[in-house]
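Open the model in your viewer and keep the selection panel at hand.

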Amino acid sequence: TDQAAPAAQTTQAAYADTALVGNSYIESFFTYDALPGAACFYRVGLNVNSVFEQPMLQGEDTQTPVIGLLEGRDFANIVFFFGENELGWSNRQAFTEQYGRVIDAARAACPDAVIYLAANPPVSAEASAKNEDSTNNASIRACNAEIAQIAQENGAVYVDSFAALAG
């Protein structure tokens, strides 16, 4: 008797009502099937502006803007991964306001879904010192504080992946 099959089916069923939406972080979840059964809607370089305009580059629908892929679906959980591609934005208010619009669009598509906003993970000390495109741990912490505030103001759940990975 194969004992792994029922466990795999249970795991897949556990994420069947979950959508992961965002930038290249989602690509890894998809590539490695990290959350079996979860829908992965992403595009490398995606940000809180382009999510309304740019489609996925592969998959069943390469025409609909990524945020539009939530429409007509009944997700119980939607997890957003944004902020990395916005680290260099000088207008931080534009980031926070636009992230609020992303949440509003998700709620319009899936009104009963729990919305999660994931923090950006830390980078290595070497990458932080390089500071390419404002990618350093200080700016990531500041961005994550903004994401936590956005979550609080919009009734979303903040997931502090930075703290979990920074040790």
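Contact here means heavy atoms within 4.5 Å. This is a predicted model.

Start with Val21. Leaving aside residues up to four places away in sequence, Val21 touches Ile26, Phe41, Val51, Val66, Leu70, Ile78, Val79, Phe80, Phe81 and Phe82.

Now select the largest nonpolar core, which has 34 residues. Val21, Phe41, Leu70, Ile78, Phe80, Tyr99 and Leu117 touch the most other members. Colour the contributing elements next: strands S1 (18-22), S2 (39-42), S3 (77-81) and S4 (114-118), plus helices H3 (92-109) and H5 (137-153), each supply at least two residues of this core. Which element gives the most? H3 does, with six residues.

A second, separate core has seven residues, including Leu20, Ile26, Cys40 and Tyr42.

Move on to the rings. The structure holds eight aromatic pairs. Select Phe41 and Phe75: the ring centres are 6.1 Å apart and the planes lie at 75 degrees, so this pair is edge-to-face. Phe41 is in strand S2 and Phe75 in the loop between S2 and S3, so the pair ties together parts 34 residues apart in sequence. Phe41 is buried, at 8% relative accessible area; Phe75 is buried too, at 4%.

Then pick Phe80 and Tyr99. Their ring centres are 6.5 Å apart with planes at 85 degrees, so this pair is also edge-to-face. Phe80 belongs to strand S3 and Tyr99 to helix H3, 19 residues apart. Both are buried.

Last stop: Arg101. Its charged end sits over the ring of Phe52, 4.5 Å from the ring centre.

Note on methods: Residues are numbered from 1 along each chain as its sequence is written. This is a predicted model: local features need pLDDT of at least 70, side-chain atom pairs count only at pLDDT 80 or more; totals for chains, interfaces and linings use all residues. Side-chain values use heavy atoms; hydrogens and water are left out. A nonpolar core is a set of buried Ala, Val, Leu, Ile, Met, Phe, Trp, Tyr and Cys residues joined through side-chain atoms within 4.5 Å. Buried means under 20% relative accessible area, exposed over 50%, partly exposed in between (1.4 Å probe, protein chains only). Helices (H or I, at least four residues) and strands (E, at least two) are DSSP runs, numbered from the N terminus. Rings of Phe, Tyr and Trp (its six-membered ring) pair if their centres lie within 6.5 Å; planes under 30 degrees apart count as stacked, over 60 as edge-to-face and the rest as tilted. A charge sits over a ring if NZ of Lys or CZ of Arg is within 6 Å of the ring centre and within 35 degrees of the ring normal.
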